[in-house]
Amino acid sequence: MSDPQTPGGERLLLVSTNYAPEQAGIGPYATQLAEHWATARDAEVHVLAGLPHYPAWRVDPGYRGRWRLVDEREGVLVHRRRHYVPGRQSALRRAAYEGTILGHGLLAPPRMARPDAVLAQVPSLAGGLLAARIAARHRAPFVPVVQDLMGAAAAQSGIAGGGRVAALAAGIERRMLARATLVGVIHESFAEGVRALGVPTDRIRLVPNWSHVAPPTRPRAAVRARLGWPEDRTVLLHSGNMGAKQGLDVLVETARRAPELHVVLMGDGSCRARLAAAAEGLPNVELLPPAPRAEFTDVLAAADALLVTQRASVLDMSVPSKLTSYFVAGRPVLASVAGEGGTAAELRRSGGGRLVPPEDPDALAAAARELAADPAGAAALGAAGAAYAAGHLTRAAGLARFSALLDEVLTAHAPARVRAVRPALPGAPA
């Protein structure tokens, strides 16, 4: 029997459709968590993941044509399974995406001995169901970490046909969460939604995301010059996924109504082509590919303000992961989001920016002009966000919360844990 109080010798499975080399969304969090378990806990760590595809919603060229494979990355065994990747989002395409993840995962689960615990990152219902199924088969504790509430997402995101599948998605979530030993949530605003799905309060644990990027290091003026951003222009930058729930049309319209502002959309996603078409003829709208990881926060810090946008209907189904990176960059955040949602709550807590009514280009332009007219005030907002990240969103603090969550479930299931001899890391496809 292994000692549940002493890390080491554990065999752990993390189910996360998104994983390295993906650099946006939950991929970096899943990667850093698994690698932390492998090093700090000396655990045998397996990850069941999809093929890298986010945020472009195109399979990474290095993985095309592959059905299943095992990658060894930083001491972690990553079991990848092929699935459908929709280039455009709709309820039907999302259902096919989830269905193929679930089907292939059930057909070919990871080849591994009994895990001591199974955790799942749950913006993907299929990933949560797979993790619950594997945990039940091995009689291991199952811990889903809710990054998005998918039933609410279907209703609020604006994806075609989403409203029709919201009740179905919520029903699947309810059954999946009912199997959980404990349920992690990344923000307290999710707790009420999780309770509404039948999870008792005493089984909910708060495990916020952390800042997974390094602070900027290069002079702002030099980065702006390289990017072609004049010092006398106010640059508003949105970085990350260009999807339906972001409601990024408001940024194109803001640029149309305020030609003195320079609006930059940096990233990729299912709505990128449509946004490019909408911005055609607007010289003050610029679309950029995702910045390389080594330059990412330098580019963020070169902007005058960083943008978070969500449709007005998005309330309690997600908190954008980009916020943690924005705070680290030390620039003021303009959040065009519903005031009662989790994103607004996080911005108020940080003191790192200003709230703007969602889907209101005039209000967004006015807020940007106010920041441009008050450089000292803008700098103070950026400094407040950076201080909040340094004090509350460090990687060490975030990983420590996950370690505490894992220790809790391992302690509760100590009688079922058996220390096993680890096999050699396999090099052949599973």
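The legends below describe close-up views of a predicted model of one protein chain. Residues are numbered from 1 along each chain as its sequence is written, and side-chain values use heavy atoms, with hydrogens and water left out. Because the model is predicted, local features need pLDDT of at least 70 and side-chain atom pairs count only at pLDDT 80 or more, while totals for chains, interfaces and linings use all residues.

**View 1. The whole chain, for orientation.**
The protein chain has 15 helices and 14 strands; both are DSSP runs numbered from the N terminus, with helices (H or I) of at least four residues and strands (E) of at least two. Of its 430 residues, 57% count as buried. Buried means under 20% relative accessible area, exposed means over 50%, and partly exposed lies in between (1.4 Å probe, protein chains only). The chain exposes about 16800 Å², and carbon and sulfur atoms supply 57% of that area; accessible areas come from the Shrake-Rupley method with a 1.4 Å probe, and for residues only the protein chains shown count as cover. Among contacts with a separation of 6 or more, 72% are between residues 24 or more positions apart, where contact means heavy atoms within 4.5 Å.

Most residues other than glycine have a negative phi, and most peptide bonds are trans. In this view, a cis peptide bond joins Tyr-54 and Pro-55, with omega about 10 degrees. Pro-55 is placed in the loop between strand 2 (44-49) and strand 3 (68-73), and Trp-57 lies in the loop between these strands as well. Trp-57 is not a glycine, yet its phi is positive, about 55 degrees. Trp-57 counts as buried at 7% relative accessibility, whereas Tyr-54 counts as partly exposed at 21%.

Asn-241 is found in strand 9 (residues 234-241) and is buried, with a relative accessible area of 12%. Its side chain is joined to that of Tyr-54 by a polar contact of 3.3 Å. A polar contact is a pair of N or O atoms within 3.5 Å; within protein, one must be able to donate a hydrogen and the other to accept it, and residues adjacent in sequence count only if both atoms are side-chain atoms. Not counting residues up to four places away in sequence, Asn-241 touches residues including Tyr-54, Pro-55, Trp-57 and Asp-268.

**View 2. Aromatic pairs.**
The structure holds five aromatic pairs. The rings of Tyr-54 and Trp-57 have centres 6.0 Å apart and planes at 80 degrees, so this pair is edge-to-face. The rings of Phe-327 and Tyr-388 are also edge-to-face, because their centres are 5.7 Å apart and their planes are at 85 degrees. Phe-327 lies in helix 11 (residues 322-329) and Tyr-388 in helix 14 (residues 375-392), so the pair ties together parts that are 61 residues apart in sequence. Both Phe-327 and Tyr-388 are buried. Elsewhere, ring pairs link Tyr-29, Trp-210 and Phe-402 into a cluster. Rings of Phe, Tyr and Trp (its six-membered ring) pair if their centres lie within 6.5 Å; planes under 30 degrees apart count as stacked, over 60 as edge-to-face and the rest as tilted.

**View 3. The nonpolar cores.**
A nonpolar core is a set of buried Ala, Val, Leu, Ile, Met, Phe, Trp, Tyr and Cys residues joined through side-chain atoms within 4.5 Å. The largest has 98 residues, of which Tyr-19 and Val-194 touch the most other members. Helix 3 (residues 125-138) gives the largest share of this core, seven residues. Domain 1 (11-210 + 394-413) and domain 2 (220-392) both contribute residues, so the core lies between them; the domain bounds come from an automatic or database domain assignment. A second, separate core of 27 residues includes Met-242, Val-252, Leu-307 and Ala-365.

**View 4. Ala-258 and its surroundings.**
Ala-258 lies in the loop between helix 8 (249-257) and strand 10 (261-268) and is buried, with a relative accessible area of 0%. Leaving aside neighbours within four places in sequence, Ala-258 is in contact with Asn-284, Ala-365 and Arg-369. Ala-258 and Pro-361 are 103 residues apart in sequence, and their C-alpha atoms are 9.0 Å apart in space.
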